[in-house]
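Look at the structure shown here, which is a predicted model. The report below describes some of its strands and helices.

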Amino acid sequence: MSQQTNDFSKWYIDTIQKADLMDYTPVRGCIAFKPDGYELWEHIQGEMDRRFKETGHRNAYFPMLIPESFFQKEKDHIEGFSPELPWVTEAAGEKLEERLALRPTSETMIGHLYSDWIKSYRDLPVLINQWANVFRWEKKTLPFIRTSEFLWQEGHTAHVDEEDARKETMQMLNIYKEVVEGFLAIPVYDGQKTPSERFAGAVDTYSIEAMMKDGKAVQAGTSHYLGTKFAEAFDIKYLNKENKHVHVHTTSWGTSTRLIGSVIMVHGDEQGLVLPPKIAPTQVVLIPVGPWKKNPAIIEKLDEIFAALKAKGIRVRLDDSDQSPGYKFNEWELKGVPVRIELGPRDLENNQVLLKSRDEQDKQTVALGEVVEAIEKELEVMQTRLYDKAKAFRDANSHTHIDSLAQLHEHLATSEQNGTIPGWVLAGWCGDDACESNVKEETKFTTRNIPFNPPTKKHTCINCGKEAQHTVWFGRAY
């Protein structure tokens with residue numbers, strides 16, 4: 001049995017360590033991002049940020065420390081986060097008058113400030129995003145996927161009415177879907193969270209859900225319509241055109257560095273990391289082979305290819321270190337570099353290079369005069385190929401034939417017996433919280449979301465057999 005199937009967590013940890021993406025620190029659940037790991041985040045950040053700005057959002061920064069009294073103002077919010085909050089109680093040798101939380105999210109601080117900033121309908125909408133770190137003291141941690149401190153972006157917007165705020169909520173969810181599918185090559189199901197799974201203090205929460213290679217779900221991005229809940233708690237009012245003071249409608253939305261973990265878990269293979277070209281820190285590595293040191297023309301030619309690729313904006317490295325070619329091949333494969341180019345004396349004689357894609361077994365022979373075009377094409381093709389492979393995997397492990405708890409138990413028993421992953425199940429739900437929590441209790445399957453476009457509509461509740469109000473994805477999640 002493969003390591004991915006046998007012990008996915010061990011495979012995952014081995015993969016990120018061999019790829020040199022992160023390191024552990026003495027603080028539980030807090031990791032150091034090494035340059036390759038951080039660059040993955042920079043590329044995600046760049047792609048998101050560009051889209052945020054195109055839709056009129058601007059970046060700002062808010063304090064990390066939040067007074068305890070702010071949390072008390074929105075009851076659901078503090079209940080949702082209190083177990084995860086680290087507190088600062090002392091500074092400069094003195095006990096603080098009021099405890100300060102390290103931010104788990106910034107709705108409260110931003111709500112407090114928006115109440116000063118927003119006075120009239122002319123001030124709206126307020127479209128602000130923050131790139132920051134947040135803290136949620138996790139009991140079980142996994143690098144990138146679930147850490148006590150993580151990096152993210154959080155958007156916080158204020159609007160004149162519900163219609164405008166809901167439009168914003170959906171626009172941001174769609175941006176997340178476009179980036180995760182188009183840039184990270186990860187297929188997602190978009191939909192609405194059930195009440196038990198929605199963000200603490202939200203009216204409605206929407207998510208994109210991605211399937212990892214062990215069949216578990218990662219919530220890859222969320223967008224929340226907060227109604228006037230936070231506006232009422234923090235007294236965010238504006239003077240409308242009818243000269244009346246009314247509450248604003250707010251939204252918040254976020255994605256985090258768990259997207260890095262998702263990329264690794266969706267695309268990685270038995271050999272380790274496989275990176276989609278668009279996100280890879282190094283997209284192409286050039287490696288001289290054979291007795292190349294005695295033949296300066298080889299390095300000259302590789303330098304020429306290097307310059308041509310660089311001019312096209314391709315992130316390229318030339319590995320002219322003293323290590324053997326086999327060692328180099330292995331090293332760069334572990335780092336997940338999409339394309340490798342090999343050039344040796346015989347290749348030079350034949351006016352060609354060998355091109356090897358990280359996710360394909362065979363090497364291609366490419367004429368020297370066509371190498372740049374061939375690489376550009378391969379990067380494009382590989383990006384699509386990785387998405388298609390991930391989608392085929394997800395679809396093969398998305399089960400739509402299970403309609404009762406007994407069938408789900410049978411499905412789980414068969415999966416365990418055959419050593420296969422249980423994947424996700426599309427099932428009906430009557431809308432009763434008790435039915436949802438019973439499924440969770442008996443199977444550890446939680447509702448992922450109520451998809452906007454389910455592959456089929458379900459008519460009976462998986463738990464009680466009554467008429468279904470919703471068609472829902474169920475699965476085990478990180």
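## A pair of strands

Strand β18, residues 352-357, is joined to β19 by five bridges, and the two strands run antiparallel. One of these contacts links Leu-354 to its bridge partner in β19, Thr-365. As background, strands of a sheet pair through backbone hydrogen bonds, either parallel or antiparallel.

## The five-stranded sheet

Both β18 and β19 belong to an open sheet of five strands, with the order β16-β15-β17-β18-β19 and mixed pairing. The edge strands, β16 (316-318) and β19 (363-367), each pair on one side only. On average, and with direction ignored, neighbouring strands of this sheet are turned by 25° against each other.

## Helices on the sheet

Helix α10, residues 296-311, packs on the sheet and touches β15 (284-288), β16, β17 (339-343) and β18. The direction of α10 makes about 170° with that of β15.

Helix α13, residues 371-396, lies across β15, β17, β18 and β19. Its direction is at about 10° to β18.

## A buried strand

Is strand β14 enclosed or open to the outside? Eight of the eight residues of β14 (residues 249-256) are buried, so the strand is largely enclosed by the rest of the structure. Both of its faces are covered: His-249, Thr-251, Trp-253 and Thr-255 are buried on one side, and Thr-250, Ser-252, Gly-254 and Ser-256 on the other.

Strand β8 (residues 149-159) runs antiparallel to β14 and is joined to it by eight bridges; Ala-158 has Thr-250 of β14 as its bridge partner. Strand β11 (residues 217-227) also pairs with β14 in the antiparallel sense, over five bridges. Here the bridge partner of His-224 is Ser-252 in β14.

How values were computed: Residues are numbered from 1 along each chain as its sequence is written. This is a predicted model: local features need pLDDT of at least 70, side-chain atom pairs count only at pLDDT 80 or more; totals for chains, interfaces and linings use all residues. Side-chain values use heavy atoms; hydrogens and water are left out. Two strands pair if DSSP finds at least two bridges between them. Helices (H or I, at least four residues) and strands (E, at least two) are DSSP runs, numbered from the N terminus. Axes are lines fitted to C-alpha atoms, for helices over the stretch in contact, and angles run from 0 to 180 degrees between N-to-C directions. Contact means heavy atoms within 4.5 Å. Buried means under 20% relative accessible area, exposed over 50%, partly exposed in between (1.4 Å probe, protein chains only).
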